[in-house]
Amino acid sequence: MNVLNVRFARNSSLLLVVFLGIGLLLNGVLCVAVGDEASLKIGEARDAIGLAFEGVLVAEGAGANVSGLTVRLDEAGRVLGDAETAYGEGNVSVAFDKAVQSAELAEGVKNDAVGLKSSALAGAQRVFRLSLAFCVAGVPVFAVSLLIVWWWFKRFYVRKLLRLKPEVASDAKA
Amino acid sequence: MLRLEDWKIIFAAVGLIGVLVLASPVLSLVVRLPGGERFSELYMLGPGRMAEDYPFNVQAGRDYLVYLGVVNHLGGAEYYSVVVKLRNASEPLPNGTSVTPSPLLVLYRYSVFLVEGQSWEGALSFGFDGVVFGENVSLVGKVLVNDAAVPVDKVAAWDSVNSGYYYQLVVELWLYNATERSFGYHNRFVSRWLNMTGSL
C-alpha cells in the first residue's frame, strides 16, 4: 500500500512538473506571439499614417483646405507614439490597442481626404469655368468699349483742334 | 497739349492693362508664380516657453521641462518626425555637410503634421534614473522621456576643462518623403548640454 502511495505521489509530482512546464512554455509562446502581433500592428499603423498623409497631399494638390485633416493625423501620430512607448515598456496589449486605434484614425483621414479631393476638384472646376466665362465675355466688351471711347475721343480731339485760331506772334519775323 | 499719337499710346496702354486685369482670374489658375524661400524651423524653449532658464545642472530623480517647436515654410502640408536623442561628448552629432543624422538611440519621437505656415509646439519632459558615479566617469542607466523609461547605459567622462559630466540632449528634425514612403533627416537639429551633478 505504501509503495503504491509513493508511486502515485511521484507520478503526480511528475505530471505537475510537466503541466507547469507546458504552461510556462505556452505562456512564453503566447507572450511572444502577442508581442509580435503588437509590433506588426504598430508597423501597420505607421504605414496607414503614411498613406493617409499621401492622401492629404493629393487633396491639397487639388486645392482642398487640409488643415482639419492634419489635426486628425496629429492625433493618429500621438496615439501611435503612445503605442510605441507602451511596446517599449512591455505593455504589449496596450500597444496593440493603441496601434489599432491609430490605424483606424489614419484610415478615417485617408477616406475623408478622398472625399475632400473630389469636392475640391469640383469647386476648382466651377471657379475655372466662371473665371473663363468672365474673361471670355469681359475682354471683348472691354476692348469694344475702349475702341468706342477712342473713336469718340479722336473726333472730339480733331474738332477741338479745328476750332483753334492760328495766332501770329508779335516778334515773328516775316 | 498732347498730340493725338501720344493719346493713342495712352489708350493702348490702358487697353492692355485692362485686358490683363480681366484675364487675371484665369491666369492665376494657370500660371504658378514661384514662392519665397522654402525651409523648416526647429527650436527649443525653456520651461517658461522663452529662450531662457534651460535645464543645465541635472540629477537623477528630478523632472526637467523644455518645449520643442517646428514651423513649416515648405509651401505645402508636411509630415515631420521630431526625434529626441542623448549623447556624450565623444559621440557624433548630426553632420550638416553630409546631411546624416546622429547614429544614436532614439529616445522619443513626435509625429507632427503641419500645413504651410503652421507651427507646432510640444512639451518634452525628461529625467534620469540609475545614475552612478565612478572614478572620473558617470553612468546614466535610464532616461525618462515624457514618462517613458528608455534604458541607455550612457557613460560620460569627467570634463576637467568645464568641470562636469556632460551629456547633450539632441533633437533632430526628420521629414517624410511621400515618393519614397520613408523619413529622411531634414538637416535641422537643436541641442542642449546637461551637466550631471547628482545621483540622489
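## Close-up views of a two-chain predicted model

**View 1. A helix of chain A lies against a helix of chain B.** Helix H3 (residues 92-163) of chain A packs against helix H1 (residues 4-30) of chain B at an angle of about 170°, and their axes are 8 Å apart. The axes here are lines fitted to C-alpha atoms, for helices over the stretch in contact, and angles run from 0 to 180 degrees between N-to-C directions. H3(A) and H1(B) are therefore roughly antiparallel to each other; that label is for angles over 145 degrees, while under 35 counts as roughly parallel, 65 to 115 as roughly perpendicular and the rest as oblique. The contact of H3(A) with H1(B) has 21 nonpolar, four polar and one charged residues. Nonpolar covers Ala, Val, Leu, Ile, Met, Phe, Trp, Tyr, Cys and Pro, charged covers Asp, Glu, Lys and Arg, and the others, Gly among them, are polar.

A quick note on reading these views: this is a predicted model, in which local features need pLDDT of at least 70 and side-chain atom pairs count only at pLDDT 80 or more, while totals for chains, interfaces and linings use all residues. Residues are numbered from 1 along each chain as its sequence is written, and chains are lettered from A and ligands numbered from 1 in the order in which they are written.

**View 2. Here is the contact between the chains.** The contact takes 32 residues from chain A and 28 residues from chain B, where two residues are in contact if their C-beta atoms, placed from the backbone, lie within 7 Å. On the side of chain B that touches chain A, H1, strand S5 (108-114) and S8 each supply at least two residues. H1(B) gives the largest share of that side, 12 residues. Sorted by class, the side of chain B has 22 nonpolar, four polar and two charged residues.

**View 3. Strand S9 of chain B meets its partners.** Strand S9 (residues 164-177) of chain B and strand S4 (residues 78-88) of chain B run antiparallel, joined by nine bridges; two strands pair if DSSP finds at least two bridges between them. Look for Lys85(B), which stands opposite Val170(B) in S9(B). S9(B) also pairs with strand S10 (residues 182-198) of chain B, in the antiparallel sense over 13 bridges. There, Glu172(B) has Phe189(B) in S10(B) as its bridge partner.

**View 4. Two hairpins involve S9(B).** Strand S8 (residues 148-159) of chain B pairs with S9(B) in the antiparallel sense over two bridges, and Asp159(B) has Gly164(B) in S9(B) as its bridge partner. Four residues lie between S8(B) and S9(B) in their hairpin, and Ser163(B) in the turn has a positive phi of about 50°. The hairpin of S9(B) and S10(B) has four residues between the strands, with Arg181(B) taking a positive phi near 55°.

**View 5. Stepping back, we see each chain as a whole.** Chain B has one helix and 10 strands, with helices (H or I, at least four residues) and strands (E, at least two) being DSSP runs, numbered from the N terminus. The C-alpha atoms of chain B fill a box of roughly 95 × 40 × 30 Å, taken along the principal axes. Chain A has three helices and zero strands. Buried residues make up 23% of the 174 residues in chain A and 26% of the 200 residues in chain B. A residue is buried if 20 or more other C-beta atoms, placed from the backbone, lie within 10 Å of its own, exposed if 12 or fewer, and partly exposed in between.
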